[in-house]
Amino acid sequence: MSVTRESFGFMPDGTEIYKYIIENDCGTQAHVLTLGATLQSFIFADKNGEARDLLLGFDTVEDYLTKSNYQGATVGPYCNRIGGAAIDINGKHYELVANEKGVNNLHSNGEFSYRPWKALVPDADCVEMSYVSPDGEGGFPGETKVQVVFKLSQDNKLSIRYHGVSDRDTYLNFTNHAYFNLNGYDSGEILGHTLRIDADAFTPVDAMSIPTGGSMPVEGTPFDFRTAKKIGLEIEADHEQLKMTGGYDHNYCLCDGPRDLCEIGEAMAEESGIKMNIYTTLPGVQFYAGNFLAGKTGKKGLPMNKRTGFCLETQYYPDTPHRPEFPTCLFKAGEAYESETVYGFSIVSNEK
Ligand code: BGC
């Protein structure tokens, strides 16, 4: 195992951005940037032993700052959406940035995602990124200190562990926004990937993608991924919820609250033979099929088109501050937020 570091460029204010490469003895690599604690590349050998990069992303700091839809970024203090871009805590009202359609807050307006983080290498198999979000930044109360540890194992599991503490009561909901393509970022649509998600229900949304409340069973709907099926099989089905969001872009309900690390699904691409198993301690996962990707270029200047990557963003449910029926993610001052998500990679065996 080894961790190496190289320069990735500079922020407009001159801060240098570094890329850390964690490599195991099989040659698998995770590339993590100090910009937004971003997972930039994941290099893994396909069924023929050819290395592929399984993550959509960019080659320069400037591209991450000007073109990104959160590709690989750490998102917080509150990932996903908060309706009306405002929260109330202990009787106090906090206005957030209404960065989506001038009404809602999406991904905390990129507060964690486009800032330089500090890096530490505690061991030969991991990198720890840290960030201090000042009190009131983006409207969120409290100075929040966050550490994210990216760790690669010899058996090709990438673990992402989050730890956060604020000095005020506040909502905390962190995720990583990796867009995966298990045939490689440069290989086209992900509609032929098969996907399994171990969830009986999802949270339905309105036309602005804000949860309408409660959950909807997946049974008998195109949202049912309990048995693996191709992402593209029903993505165009005539279902109100799919029409509303232009394809899958929904929170799946995994459980009622944080729990021990548990497998929650699996994705697979036939052409490369690459399979990814997903594990998390969190109660929800946003399955986003990359419906809004278009009109931008990514790595090597190649177009990053609609549905060329998919996200499985583990999380507390969206708009939890306004939904008492959802598992809460209100943390007391000094109380630690902890979570872990693992993406495990392997080659599908041909044996039946
Ligand atoms: C959201 C999408 C959004 C994407 C990029 C996802 O988490 O669910 O609606 O387009 O992030 O910001």
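These legends walk through close-up views of a predicted model. Residue numbers start from 1 along each chain as its sequence is written, and local features need pLDDT of at least 70, side-chain atom pairs pLDDT 80 or more, while totals for chains, interfaces and linings use all residues.

**View 1. The shell around the ligand.**

View 2. A polar contact pairs N or O atoms within 3.5 Å. Follow the ligand oxygen atoms to the side chain of arginine 81, with an N or O atom at 2.7 Å, to aspartate 249, with a polar side-chain atom at 2.5 Å, and to glutamate 313, with a side-chain N or O atom at 2.6 Å. The protein buries 94% of the 310 Å² that the ligand exposes when taken alone (Shrake-Rupley method, 1.4 Å probe).

**View 3. A tilted aromatic pair.** Phenylalanine 112 and phenylalanine 174 form a tilted pair because their ring planes meet at 45°, with centres 5.6 Å apart. Rings of Phe, Tyr and Trp (its six-membered ring) pair if their centres lie within 6.5 Å; planes under 30 degrees apart are stacked, over 60 edge-to-face, and the rest tilted. Phenylalanine 112 lies in the loop between β10 (105-106) and β11 (118-123), and phenylalanine 174, 62 residues apart, in the loop between β15 (170-171) and β16 (175-176). Strands here are DSSP runs (E, at least two residues), numbered from the N terminus.

**View 4. A cis peptide bond.** Glycine 76 and proline 77 are joined by a cis peptide bond, with omega about 0°. Look for proline 77 in the loop between β6 (74-75) and β7 (81-82).

Note on methods. Side-chain values use heavy atoms; hydrogens and water are left out. A polar contact is a pair of N or O atoms within 3.5 Å; within protein, one must be able to donate a hydrogen and the other to accept it, and residues adjacent in sequence count only if both atoms are side-chain atoms. Helices (H or I, at least four residues) and strands (E, at least two) are DSSP runs, numbered from the N terminus.
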